[in-house]
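Here are my notes on this one, as promised. Have the sequence and the model open while you go through them.

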Amino acid sequence: MIKRLIVGFISIVVFMLVVAIGLDRWISWKTKDYIYDEVQALPHRQVGVVLGTAKYYRTGVINQYYLYRIQGAINAYNSGKVKYLLLSGDNALQSYNEPMTMRRDLMAAGIPSSDIVLDYAGFRTLDSIVRTRKVFDTNDFLIITQRFHCERALFIALHMGIQAQCFAVPSPKDILTVRVREIFARLGALNDLYILHRQPRFLGPLIPIPAVHHIPDDAQGYPAVTPEQVVALQHQLAAEKKAEKKAAEKTPPAVAPQAAAVK
């Protein structure tokens with residue numbers, strides 16, 4: 001009796017492992033056509049979404065996954081494949097802020113802050129992908145992360161009807177433990193999508209990338225100028241008027257000729 005129970009238990013465990021590995025392979029196969037390994041082969045997209053991770057391990061050692069993602073973002077931006085970088089990560093604690101950490105490192109590499117957008121509510125991969133579409137109004141974007149993470153992120157995007165591709169940056173050599181954990185992460189994603197039908201923890205108001213600019217009705221229409229140039233011109237004119245007003249206040253009033261003759 002005990003032997004049968006043991007054999008039955010082992011059979012169930014083996015069956016579950018086979019199913020888990022099969023689903024893992026299915027997700028990889030489903031998303032393989034949307035993943036690029038070389039920056040030269042990347043399609044041109046307006047937004048590149050960098051999925052966040054901790055910069056350091058708890059031991060204080062720097063996280064190679066983080067470094068590869070940051071370098072991948074720099075390469076995609078500098079090659080002109082993306083115009084804006086959306087940094088999506090966890091900001092659950094005041095002392096732990098993935099988007100701000102990524103922003104500092106990207107700006108140190110020469111990427112202007114005007115081309116960097118922060119998503120503080122990317123608590124999970126599902127949150128990051130869906131928020132990019134529903135909050136940042138971007139439906140065709142480039143994801144930047146490791147290949148195994150690309151596959152899960154793209155699977156979520158495909159299920160949600162979101163168009164996305166992925167730039168698969170390199171992974172550290174010792175990836176076995178992380179890859180095993182990824183199998184369970186994919187099972188969790190399937191559970192979220194097909195059983196629980198989960199949505200992001202937070203959504204919020206629409207924040208398009210790039211932001212929508214409101215041009216005054218009386219702005220010059222020709223020759224064409226950008227919204228930024230219109231704002232700069234308005235500031236320049238306001239500064240000139242202010243300078244003229246100050247100059248007028250400092251100039252003494254003109255004295256009438258008759259009054260000047262009287263001593």
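This is a predicted model: local features need pLDDT of at least 70, side-chain atom pairs count only at pLDDT 80 or more; totals for chains, interfaces and linings use all residues.

**Notes on the model**

1. Start with a helix pair: the axes of helix α1 (residues 2-31) and helix α6 (residues 176-196) come within 10 Å and cross at roughly 80°. That makes α1 roughly perpendicular to α6, a label used for angles of 65 to 115 degrees. Axes here are lines fitted to C-alpha atoms, for helices over the stretch in contact, with angles from 0 to 180 degrees between N-to-C directions. Helices (H or I, at least four residues) and strands (E, at least two) are DSSP runs, numbered from the N terminus.

2. Who makes that contact (heavy atoms within 4.5 Å)? On the α1 side you'll find Ala20, Leu23, Asp24, Arg25, Trp26, Ile27 and Ser28, and on the α6 side Arg179, Ile183, Arg186, Leu187, Leu190 and Tyr194. The residues of this contact divide into eight nonpolar, one polar and four charged.

3. Residues are numbered from 1 along each chain as its sequence is written, and side-chain values use heavy atoms, with hydrogens and water left out.

4. Staying with α6, its buried residues (under 20% relative accessible area, with a 1.4 Å probe and protein chains only) are Arg179, Glu182, Ile183, Arg186, Ala189, Leu190, Asp192 and Leu193. They pack against α1, α4 (125-134) and α5 (147-159). His197 sits in the loop between α6 and α7 (227-250), and at 56% relative accessible area it is exposed (the cut-off is over 50%).

5. Next, α4: eight of its ten residues are buried, so this helix is largely enclosed by the rest of the structure. Its buried residues pack against β2, β3, β4 (116-119), β5, α5 and α6. One of them is Thr125, which counts as buried because its relative accessibility is 11%. Leaving out residues up to four places away in sequence, Thr125 touches Leu51, His149, Arg152, Ala153 and Ile156.

6. Now the inside. The largest nonpolar core has 28 residues, and Leu86, Ile129, Phe141, Ile143 and Ile209 have the most contacts inside it. A core of this kind is a set of buried Ala, Val, Leu, Ile, Met, Phe, Trp, Tyr and Cys residues joined through side-chain atoms within 4.5 Å. Its largest share, six residues, comes from α5. A second, separate core of 21 residues includes Val39, Leu42, Ile70 and Leu85.

7. Two backbone spots to look at. The peptide bond from Ile209 to Pro210 is cis, with omega near -10°, and Pro210 lies in the loop between α6 and α7. Asp137 isn't a glycine, yet its phi is positive, about 55°; this residue lies in the loop between α4 and β5.

8. Finally, the overall picture: the protein has eight helices and six strands, and 36% of its 263 residues are buried.

Notes:
Angles under 35 degrees count as roughly parallel, over 145 as roughly antiparallel, 65 to 115 as roughly perpendicular and the rest as oblique. Contact means heavy atoms within 4.5 Å. Ala, Val, Leu, Ile, Met, Phe, Trp, Tyr, Cys and Pro count as nonpolar, Asp, Glu, Lys and Arg as charged, and the others, Gly among them, as polar.
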